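Here are my notes on the chain and its ligand. Please read them with the model open.

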Amino acid sequence: MLIRQDRGFEHAIPSEITPSHVYSRRREFLHQLAAAGMLATSASAWSQTTPRPGKLSALNSSVSTLSGAQATETVTPYKNASTYNNFYEFGTDKSDPAQNAHSLKTRPWTVEIEGLVKKPGKFSVEDLLKLSPMEERIYRMRCVEGWSMVIPWVGYSLSELIKRVEPLGSAKYVEFVTLADPKTMPYVGSRVLNWPYVEGLRMDEAMHPLTLLSFGMYGEVLPNQNGAPLRLTVPWKYGFKSGKSIVKIRFTENQPATAWNKAAAHEYGFYSNVNPNVDHPRWSQASERRIGDGGLLAKKIKTLMFNGYEAQVGQLYAGMDLTKNF
Ligand SMILES: Nc1nc2c(c(=O)[nH]1)N[C@H]1C(S)=C(S)[C@@H](COP(=O)(O)O)O[C@H]1N2
Ligand SMILES: [Mo]
């Protein structure tokens, strides 16, 4: 996103052919969750080869009250959500992650919790899958590049994990460090970014119920290119705040140095709230293109303040100058 704002839509979205073992793995994941009573909503509507785009209102009430999403929006086809990605460890073209991320090894996987907490330690992905009941949440996701999708994620609020490790009073921020393995990630080692990809949130943002620790999407285990085995989804912020394939969560007193902020501080601030009134230095943020059936000809739609989640998160920023804290 640093380099080619003008090229994002030149690339055709390749039609997806997913090997059958991937599907059986996803079905297995859902069955395990359901059997353990860990799936709070039925995700069966999304678990088909080509999930049907559906109305957001089809979701259960806890989802719609939390997301505040509009019932007129349709869910992005699975094919688009899993083949039009940013995951620079696997390449900078939108189609690269789907083509290259099969090399990512998602088991065994551990997430290390460190810094200002009473209970630091290591969690295996199996521990994390069991930590809390999961919900399906349909979130709008907007990339700073000006495109957006509507994706049904499966996970639980990050706050469930945070409460478990008992942050100290001095912990003001949470830093998320993602995997940087040059053996399985062809672009780690390139100079596109300073690896590992690091993101951060203020403690109250991290504790907000909308901040989701996601393990699945469309009722299925996350495809590697979407950040398996676990990632963050922070729907009121630009996509890059939602770090993929997290290996470390660190609680700090000072604001973490995040990867995109280090790469270009004047373009990508720490907060990165979706804000149609604050232009990116090189382009407007007032509108966006919804990726999906309309393809490259999709009409632009207005971008909403905090990506449409202002009622839920606006108060976190009361009194802050959002043109300075962009
Ligand atoms: N580790 C890592 N996480 C990442 C990125 C990345 O390059 N590396 N890209 C970010 C950006 S810019 C976006 S828009 C979203 C895209 O998520 P999606 O491909 O699942 O839609 O992931 C974010 N998380
Ligand atoms: Mo993005």
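1. Start with Phe215. Phe215 is buried, at a relative accessible area of 1%; buried means under 20%, exposed over 50% and partly exposed in between, using a 1.4 Å probe and protein chains only. Tyr156 also counts as buried, at 2% relative accessibility.

2. A word on conventions. This is a predicted model: local features need pLDDT of at least 70, side-chain atom pairs count only at pLDDT 80 or more, and totals for chains, interfaces and linings use all residues. Side-chain values use heavy atoms, with hydrogens and water left out, residues are numbered from 1 along each chain as its sequence is written, and chains are lettered from A and ligands numbered from 1 in the order in which they are written.

3. Aromatic pairs. The whole structure holds 12 of them. Rings of Phe, Tyr and Trp (its six-membered ring) pair if their centres lie within 6.5 Å; planes under 30 degrees apart are stacked, over 60 edge-to-face, and the rest tilted. Tyr156 and Phe215 make a tilted pair, 5.4 Å centre to centre with 40° between the planes. This pair links distant parts of the chain: Tyr156 sits in strand S4 (residues 147-157) and Phe215 in strand S7 (residues 212-217), 59 residues apart.

4. A second pair. The ring centres of Trp260 and Tyr268 are 5.3 Å apart and their planes lie at 65°, so this pair is edge-to-face. Both Trp260 and Tyr268 are buried. Elsewhere, Tyr173, Phe270, Tyr271, Phe306 and Tyr317 form one aromatic cluster.

5. Charge over ring. The criterion is NZ of Lys or CZ of Arg within 6 Å of the ring centre and within 35 degrees of the ring normal. Arg140 lies over the face of Tyr309, at 5.2 Å from the ring centre. Lys94 lies over the face of Tyr84, at 6.0 Å.

6. Ligand 1. Oxygen atoms of the ligand lie 2.9 Å from a polar side-chain atom of Asn226 and 2.7 Å from a side-chain N or O atom of Lys244. Taken alone, ligand 1 exposes 530 Å², and the protein buries 98% of that (Shrake-Rupley method, 1.4 Å probe; for residues, only the protein chains shown count as cover).

7. The whole chain. Buried residues make up 56% of its 326 residues.

Methods: Helix = DSSP H or I, 4+ residues; strand = E, 2+ residues; numbered from the N terminus. Polar contact = N/O pair within 3.5 Å; in protein donor to acceptor, adjacent residues only side chain to side chain.
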